[in-house]
Amino acid sequence: MAIENKVALVTGGSRGIGLGIALALAEAGFTLAICGRRSREKAQSALDAVRLHSERSIYVQANVADGADRADLLLTIEEQFGRLDVLVNNAGIAPRLRADILEAREESFDELIATNLKGPYFLTQAVAAWMIRQRGDDARTQQAIVNISSISATVASVNRGDYCISKAGIAMATRLWAARLAEYGIGVYEVRPGIIESDMTAGVRAKYDALIEGGLLLEKRWGTPQDVGRAVRVLATGELSYATGAVVVVDGGLTLERL
Ligand code: NDP
């Protein structure tokens with residue numbers, strides 16, 4: 001099936017990395033459903049940008065941590081388009097307060113796990129069931145699920161343990177779903193970004209500027225939402241074949257071990 005007839009859902013597609021991914025997929029020809037917690041009015045400019053490339057695209061207000069919202073989100077996509085070919089689990093949050101793990105609070109842990117891990121895990125479960133049904137009509141169709149994790153899946157930061165654990169969890173979720181969905185030909189992948197310019201990192205801009213200047217990265221610049229968008233596009237279009245379960249690292253060499 002031509003990409004022009006395919007539909008991709010990008011959670012948290014209203015800004016930052018998610019918008020970079022949505023634009024990359026829209027440019028490739030996908031019709032987009034993007035979601036976020038903010039109102040439709042507040043997401044309008046992002047939707048307009050996506051619609052420049054893919055005019056039928058929609059925004060749905062939905063909190064991925066909420067089961068009822070997730071169900072409504074998929075219902076809206078089904079009503080609008082009748083199909084879903086790609087899921088990108090991108091929506092995520094950093095802790096409201098970076099706190100030492102000796103003191104960090106349980107509320108923060110619960111919020112991070114609900115948003116960054118449990119929400120995407122069960123959204124994947126629901127989407128996978130739909131994708132399997134959809135394949136009944138066309139077994140050769142290309143379908144993909146992409147999880148946006150973080151280098152925090154493996155790099156320990158003791159001032160945001162909740163975030164690191166949520167990202168380590170989503171890395172395992174990728175492996176689990178890749179193993180479970182392989183028999184249906186559905187590829188499941190993890191994209192693991194490093195330090196990327198977005199609202200999430202705006203508050204630690206000066207800190208990372210200094211680290212980058214000091215040689216933290218092999219590629220001496222901030223990553224951009226476009227860098228991550230291009231990686232997801234390769235996976236969503238099926239150009240990276242025979243690679244289900246793959247981890248695509250987009251971190252400018254941050255996690256490359258050196259001696
Ligand atoms: P931003 O804070 O800039 O954007 C987050 C996006 O997710 C927004 O669109 C937001 O929309 C949405 N979102 C947040 N919570 C929810 C929710 N509960 N339900 C639905 N949508 C939600 O973050 P980034 O773009 O930087 O991050 C995107 C992903 O990339 C995250 O998973 C993050 O952990 C990961 N990442 C980021 C890195 C970075 O350096 N920036 C590095 C590595 C990984 P709204 O506010 O309307 O809900």
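## Close-up views of a predicted model

View 1. S54 is found in the loop that runs between α2 (44–51) and β3 (58–61). Everything shown here comes from a predicted model. Is S54 buried or exposed? With a relative accessibility of 7%, S54 counts as buried, because buried means under 20%. Which residues does S54 touch, leaving aside those up to four places away in sequence? They are A26, F30, T31 and L32. Look closely at F30: its backbone oxygen is 2.9 Å from a polar atom in the side chain of S54.

**View 2. Y121 and F122, an aromatic pair.** Searching the whole structure turns up three aromatic pairs. In the one formed by Y121 and F122, the ring centres are 5.1 Å apart and the planes meet at 80°, so this pair is edge-to-face. Y121 is partly exposed, at 29% relative accessible area, and F122 is also partly exposed, at 33%. Ring pairs join Y121 and F122 with W177 in a cluster.

**View 3. Y208 and W222, an aromatic pair.** Here the rings of Y208 and W222 are 6.0 Å apart, centre to centre, with 75° between their planes, in an edge-to-face pair. Where do the two partners lie? Y208 belongs to helix α7 (residues 205–213), while W222 is in the loop between α7 and α8 (225–236), so the pair ties together parts that are 14 residues apart in sequence. Y208 and W222 are both buried.

**View 4. R205 over the ring of W222.** Now meet another neighbour of W222: the charged end of R205 sits over the W222 ring, 4.3 Å from the ring centre.

Terms used: Residues are numbered from 1 along each chain as its sequence is written. This is a predicted model: local features need pLDDT of at least 70, side-chain atom pairs count only at pLDDT 80 or more; totals for chains, interfaces and linings use all residues. Side-chain values use heavy atoms; hydrogens and water are left out. Rings of Phe, Tyr and Trp (its six-membered ring) pair if their centres lie within 6.5 Å; planes under 30 degrees apart count as stacked, over 60 as edge-to-face and the rest as tilted. Buried means under 20% relative accessible area, exposed over 50%, partly exposed in between (1.4 Å probe, protein chains only). Helices (H or I, at least four residues) and strands (E, at least two) are DSSP runs, numbered from the N terminus. A charge sits over a ring if NZ of Lys or CZ of Arg is within 6 Å of the ring centre and within 35 degrees of the ring normal. A polar contact is a pair of N or O atoms within 3.5 Å; within protein, one must be able to donate a hydrogen and the other to accept it, and residues adjacent in sequence count only if both atoms are side-chain atoms. Contact means heavy atoms within 4.5 Å.
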